[in-house]
Amino acid sequence: MIRILVDTSSDYTVEEIQAKGMELAPLHITIGESDYRDAYDLSKDKFYELLTSNEEVPKTSQPTPQDFVDIFEAVEEKGDELICILLSSKLSGTFQSATLAKNIVEYDKIHLVDSLGATHMIRIMADHAQELAAAGKSAAEIVAVLEEMKSKIKVLAVVDTLEYLCKGGRVSKTTAAIGEMAKVKPMITVSEGEVAVIGKSLGKNKAIGNLLKALEECEVDDRFPIYSVSTLGEENCEAFETRLTAAGYQFKERVQIGATIGTHVGPGAFGMIFVEK
């Protein structure tokens, strides 16, 4: 049997993972003096509540090698194969922890995929992997598809406030202060495994227009869903969805971005995740 593992940066809930029969490795989130297992001990809404009420920037740490060893040994005991689709190695040491664990267990039916992505980019890969497994594809065939697919999964999002990009060191305090006064809304993506700012707009309406323009420049693969994504708060995302639908795009559902990316962008962010042809 082929099983799928993701880490909690995929932003599945524990309930979704259980319903799909997947495995879930938790990242750890430290806020102040408290440490949480992402998704297990800390819901997305609770994370944003803590994020917006604390001056300290939350710290995200990868699952330990032992977290993976425990799962890998259970898979080996059953004689199953396991495909692990993991948070970008350029954003976290998660992939390295899994690699170390695989070397410890020495079970050759464990396959590691560096998604070079995060959040629902990983969800799209994991759901497709399950579909391929159900269709009778081998683990090697599925991994080959995922490796080819991962560069085609795109996230485009608008950040509502520069505060958290500043706290994370991605923009200077001066830039953040001037940008907040001018109502600058950065557009971000995950490019080659890293979060990158790819544009700036003055005001939300202009930002939505530029987001749609960026989408129009892509050839969307309609075999896969378009997800509308947001962090905390629905107003910005609802305005974007209205214009997205008016432009002729059908999105599957709105999904919430969790702590891994939410730490950097803060509340009010919105955008979309899709696959290019």
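Biologist: What stands opposite S191 in β10?
Modeller: E194 does. Strands here are DSSP runs of E, at least two residues long, and helices are runs of H or I, at least four, numbered from the N terminus. This is a predicted model, where local features need pLDDT of at least 70 and side-chain atom pairs pLDDT 80 or more, while totals for chains, interfaces and linings use all residues. Residues are numbered from 1 along each chain as written, and side-chain values use heavy atoms, without hydrogens or water.

Biologist: How many bridges join β9 to β10?
Modeller: Eight, with β9 (residues 184-191) running antiparallel to β10.

Biologist: And which helix packs on the sheet there?
Modeller: Helix α9 (residues 204-216), which touches β8 (153-158), β9, β10 and β13 (270-275). Touching means heavy atoms within 4.5 Å. The direction of α9 makes about 5 degrees with that of β13.

Biologist: What's the strand order in that sheet?
Modeller: β10-β9-β8-β13-β11-β12, an open sheet of six strands with mixed pairing. Pairing takes at least two DSSP bridges. At the edges, β10 (194-202) and β12 (253-256) each pair on one side only.

Biologist: New topic. At what angle do α5 and α6 cross?
Modeller: Roughly 150 degrees, and the axes of α5 (residues 120-134) and α6 (residues 139-149) come within 10 Å. That makes α5 roughly antiparallel to α6, a term for angles over 145 degrees. Axes are fitted to C-alpha atoms, for helices over the stretch in contact, with angles from 0 to 180 degrees between N-to-C directions.

Biologist: Which residues meet there?
Modeller: From α5, I124, M125, H128, A129, L132 and A133; from α6, I142, V145, L146 and M149.

Conventions. Parallel < 35°, antiparallel > 145°, perpendicular 65-115°, else oblique.
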